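This report goes through one protein chain, from its overall make-up to individual side chains. The sequence and the structure are shown first.

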Amino acid sequence: MGELLFHPPRTRPDAIATDDVLLLILDKVLLLRDAVRTSILSRRWRHLPGLLSEIVLDVGDFEPEEDDGSKYTLEELIMQTNATVVEATKSILAHKSQCAITYLSVRFYLRDESIDIMRAVDGAMANREVVAAELHFLPEMLDKYCEDDNMLAYGRRFMTFIDAYPRAFAGLTYLHVQSLRLGESDIPNVLRTCNRLEYLSLQNCDAGFRSVLQIEHEQLVELDISSCGFEKVELKWLPRHTHLAFRFWIDSRDHYPLYLDNVPKLWMLHLSNPGTTLHKTSKLSELLSNVVIGELALNFLCERIWIQPERQKLLAPLLLNLQVTGIDLTVNGERIGHK
């Protein structure tokens, strides 16, 4: 037979791919950062990021490649990457879709332009089902460089965001905030607004130096408090709370830094702090008097043990359910651990 004279026209691979195939590629292969860039290059892909069921945007993923030849100051890098994640969030969440968002996570700097992220999340909460949503608010400087004025400014900006878009915060299941100084009534207001919240992370936060943090929340399951300036943390009423990590509290000879009141389901307790002579030595029988935990981890981070020895008959009822225990301390710069 003679040579075939008809040749079917060549077609770009993305022109014949269905939305389902392209979504599979986005879900399984590409970072959402790459998906955003791809949607800019191809009209065929443009609407797809808005159809994803899982949306994860991290400001760290939008940093320039090391080999692109560009040189940025730290301030320029923060401005550029944050502006990019703001635009990406706005673009993706602006898509009109009936598909539920099973997981939404956005990590960004707490800058003025980030209010647009809250506006976009608020719109998504209004127009789509969002099953799980988490927001990570980052400061523009390391915690150790944050002065009181910086923390106050971050705290005011954060509360401005909540006041402007309470619906966005009401839909959150996970919240991480860092380097905030809030007013005495702000934290209770935040917890009331975030009524679906299951995980809360506070790092280098306070409500004024040596303030007392009292937490009541119906849905909160996990709590992580690290390097905060609270003189005392009181868990007043947390009926679903199971996991607590408490690290690097400030010194006090007068009282314990942690009070566990009504937390009937608390199972895992991790305490980590370098003890000094300024810290009150703790008695587990008093610290755990209202709970019966299943996992206890103590990290002393130094040679000084800040747990006081006690008689077995005092501790036995409180440690009845204990299944896992871990103890870490540092001697002459060497970490020693036991589990």
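The model is predicted: local features need pLDDT of at least 70, side-chain atom pairs count only at pLDDT 80 or more, and totals for chains, interfaces and linings use all residues. Residues are numbered from 1 along each chain as its sequence is written, and side-chain values use heavy atoms, with hydrogens and water left out.

**The chain**

The secondary structure comes to 10 helices and 14 strands, where helices (H or I, at least four residues) and strands (E, at least two) are DSSP runs numbered from the N terminus. The chain has 339 residues, and 45% of them count as buried. Buried means under 20% relative accessible area, exposed over 50%, and partly exposed in between (1.4 Å probe, protein chains only). The accessible surface is about 18,300 Å², with 52% of it belonging to carbon and sulfur atoms; areas come from the Shrake-Rupley method with a 1.4 Å probe, and for residues only the protein chains shown count as cover. Among contacts (heavy atoms within 4.5 Å) with a separation of 6 or more, 68% are between residues 24 or more positions apart.

**Salt bridges**

A salt bridge is a side-chain nitrogen of Lys or Arg within 4 Å of a carboxyl oxygen of Asp or Glu. By this rule the count is 16.

| Glu 140 | Arg 157 | 4.0 Å |

Glu 140 is partly exposed, at a relative accessible area of 24%. Both residues also belong to a network of salt bridges that links Arg 111, Asp 112, Glu 113, Glu 140 and Arg 157.

Asp 148 is partly exposed at 43%, while Arg 181 counts as buried at 15% relative accessibility.

**Helix H5**

Helix H5 (residues 115-127) has 13 residues and spans 19 Å from its first C-alpha to its last, close to the expected 18 Å; the expected span is 1.5 Å times one less than the number of residues. Which residues of H5 are buried? They are Ile 115, Ile 117, Met 118, Ala 120, Val 121, Asp 122, Ala 124 and Met 125. An α-helix has 3.6 residues a turn, so residues three or four places apart point the same way. The buried residues of H5 pack against helix H4 (74-93), strand E2 (103-109), E3, H6 and helix H7 (166-170).

Glu 134 is in strand E3. Glu 134 is buried but has no salt bridge, and Arg 107, the nearest side chain of opposite charge, is 8.3 Å away; Lys and Arg count as positive and Asp and Glu as negative, with His and the chain ends not counted. The side chain of Glu 134 does make a polar contact of 2.8 Å with the side chain of His 136. A polar contact is a pair of N or O atoms within 3.5 Å; within protein, one must be able to donate a hydrogen and the other to accept it, and residues adjacent in sequence count only if both atoms are side-chain atoms. Beyond four places in sequence, the residues that Glu 134 touches include Tyr 103, Ser 105 and Leu 172.

Asn 82 is in helix H4 and is buried, at 0% relative accessibility. A polar atom of the Asn 82 side chain lies 2.8 Å from the backbone nitrogen of Tyr 109, and a polar contact of 3.0 Å joins the side chains of Asn 82 and Ser 114. Apart from neighbours within four places in sequence, Asn 82 is in contact with residues including Val 59, Phe 108, Arg 111 and Glu 113.

Pro 64 is in the loop between strand E1 (54-58) and H4, and is partly exposed at 23% relative accessibility. Pro 64 and Gln 80 are 16 residues apart in sequence, with their C-alpha atoms 9.2 Å apart in space. Gln 80 is one of the residues in contact with Pro 64, along with Tyr 72, Leu 77 and Thr 81, when neighbours within four places are left aside.
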